[in-house]
Amino acid sequence: MRTCGAQLNQRSSSYPGQKVLWSWWLAVWFAFVIVVILAATGAPAFGRQATAPPAAQTNSIASVTCVIGLEDIKTDAKGTLSLLPTGLEFATEKKKTGIATASITDIFVGNQSRQDVSGAGGTVIKMGIPYGGGRLVSLFSHKVEVLTVEYEDSNGGFHGAIFVLPQGQATSFKNQLVAQGAKVSTHVESSTVEEQKP
Amino acid sequence: MKCVTRTTFSLIFAIAASSAVFLVASSLLAQPGPREDAAQKLSASAIQVERTDPPEGLVIPEDFRVSTYENVILQLEKTKKFQHVYRSGDRTAANVSDLVILRLIPQAFKEGSQKKREVSTVSGSTRIKVKVQFTTRDGRVLLEKDLEGKVRFYGENLRATYDFSKKVAAVVNDSF
C-alpha cells in the first residue's frame, strides 16, 4: 500500500499540466488580491464615475493635478485649486500661485481617462504581477476633466496651464471664470482618434 | 617543457600586443576629422518660442498644444544655451538684437489610449509630429527639422509632448 501511495504522489507531482494550472491559479489569485487591496484602501477609484453633482458651485477642489504651466510649481504637482474673486489659485503644500481673471485669454475643457493604478509605483506593481496579470489591473480607469487656461503675463508673454480635475468640476470652474469676466473664444471640439494630417 | 611554456607565452604575448596595436591604429584612422557642422553652429543670446499653430484641417486638442509649448520652454531653459527664453508675445524680446524665433508647426497628430497601450502593448500609441523651425526675426530659416513625440507603452497621452520637447532640446544642444 505504501509503495502504491508513493507512486501516486510521484505521478501527481510530475504531471506538468497540473503545475501550469496551479501557477495560473496562483497568478489569478495574486492579481485578484492586489485589486481587492487597492480597492479597499480607496486610493484609486476603480471604474468610478464622478459622484459629485456636476454643476456644483464649488470654490475649491482638493487633489487637483497641475500638469504644467504655472510659475514656481513643478510639473504634475498635486494641490488645491480655488476660485477667488480675482481669479484662480493653485496651492500645493509648499507653494501657492494664481492666475488673475483679467489675464486669462481663453479656457478649454476636455475629457480624458486616467489609470486607477498609475505612476512609478503602480507600474512596478503591474509589472510584478506574473503571467501578464498587470494588464488586468490596467483595465480599470476613471474619467477626468482637463482644464486648460491660457493667460498672459505682465509682459504679454503667452502661458498655458493644464489642470486635471474630477469629472464635472472643470466645466463649473470655467463657467464661474467666464462669469467673472474671463475671455473665452469659440472652440472646435476634437474627438477623433485616428491619425490626422492636414 | 619549461622551454615550450616560455615559447607559447611569448607567442601569445606577441599576438596580443600586435592585435592591440592594430586596434588602436585602426580606431585612430577611423576617427572623423574636425566636424564640419561644428563650424556651422548657430549662436544667439535669446530665443522666443512661438505658439503652436496647426495648419487648417489638423485639429489638435488645446491641452496638447499648450503642453507642447510649455514643455519646449522648460526643456530649452534646461539646455542653458540661451541667456533668456522668451514666450510668445513677450514685448521685452523686441530689444534683443540676435533673437532666434522657434516656430512649432504641427504636421500630424494621433491621440491614442493609455488603457489600450498598457493592455495590448502594440496599439494605442500617441504621436505628435511637428515641424521645428528656427528663424531670424526677419523670417530667414536657420534650421528646420521634423520631430516626432510619442508614447508607446507606459505613460499618459500628454507624455508625447514631453518626448517631443526632449528632442527639440537635443536639436538645440547639437546646433547651438
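## Close-up views of chains A and B

**View 1. The contact between chain A and chain B.** Chain A gives 32 residues to the contact and chain B gives 32 residues. Two residues are in contact if their C-beta atoms, placed from the backbone, lie within 7 Å. On the side of chain A that touches chain B, these elements give two or more residues: strand 1 (60-68), strand 5 (104-115), helix 4 (134-138), strand 6 (141-152) and strand 7 (158-166) of chain A. Strand 6 of chain A supplies the largest share, five residues. By class, this side of chain A has 10 nonpolar, 16 polar and six charged residues. Here Ala, Val, Leu, Ile, Met, Phe, Trp, Tyr, Cys and Pro count as nonpolar, Asp, Glu, Lys and Arg as charged, and the others, Gly among them, as polar.

The model is predicted: local features need pLDDT of at least 70, side-chain atom pairs count only at pLDDT 80 or more, and totals for chains, interfaces and linings use all residues. Residues are numbered from 1 along each chain as its sequence is written, while chains are lettered from A and ligands numbered from 1 in the order in which they are written.

**View 2. Chain A in outline.** Chain A has five helices and seven strands. Helices (H or I, at least four residues) and strands (E, at least two) are DSSP runs, numbered from the N terminus. Along the sequence the pattern reads α-α-β-β-β-β-β-α-α-β-β-α. Of the 198 residues in chain A, 26% are buried. A residue is buried if 20 or more other C-beta atoms lie within 10 Å of its own, exposed if 12 or fewer, and partly exposed in between; C-beta atoms are placed from the backbone.

**View 3. Two hairpins in chain A.** Strand 2 (residues 77-84) and strand 3 (residues 87-91) of chain A pair antiparallel over five bridges. Two strands pair if DSSP finds at least two bridges between them. Two residues separate strand 2 and strand 3 of chain A in their hairpin. A:L81 stands opposite A:F90 of strand 3. A:F90 also stands opposite A:T97 in strand 4 of chain A. Strand 3 and strand 4 (residues 96-100) of chain A run antiparallel, joined by five bridges. Their hairpin has four residues between the strands.

View 4. Five strands of chain B form an open sheet in the order 2-1-3-4-5, with mixed pairing. Strand 2 (84-86) and strand 5 (141-151) of chain B are the edge strands, each pairing on one side only. The twist averages 25° from one strand to the next. Strand 1 (residues 46-49) and strand 2 of chain B pair in the parallel sense over three bridges. B:A46 stands opposite B:H84 in strand 2 of chain B. Helix 3 (residues 62-79) of chain B packs on the sheet, touching strand 1, strand 2, strand 3 (99-110) and strand 4 (126-135) of chain B. The direction of helix 3 makes about 170° with that of strand 1 of chain B. Axes are lines fitted to C-alpha atoms, for helices over the stretch in contact, and angles run from 0 to 180 degrees between N-to-C directions.

**View 5. The largest nonpolar core.** This core has 54 residues. A nonpolar core is a set of buried Ala, Val, Leu, Ile, Met, Phe, Trp, Tyr and Cys residues joined through C-beta atoms within 7 Å. Those with the most contacts inside the core are A:L147, A:V149, A:F163, A:L165, B:I47, B:V49 and B:L76.
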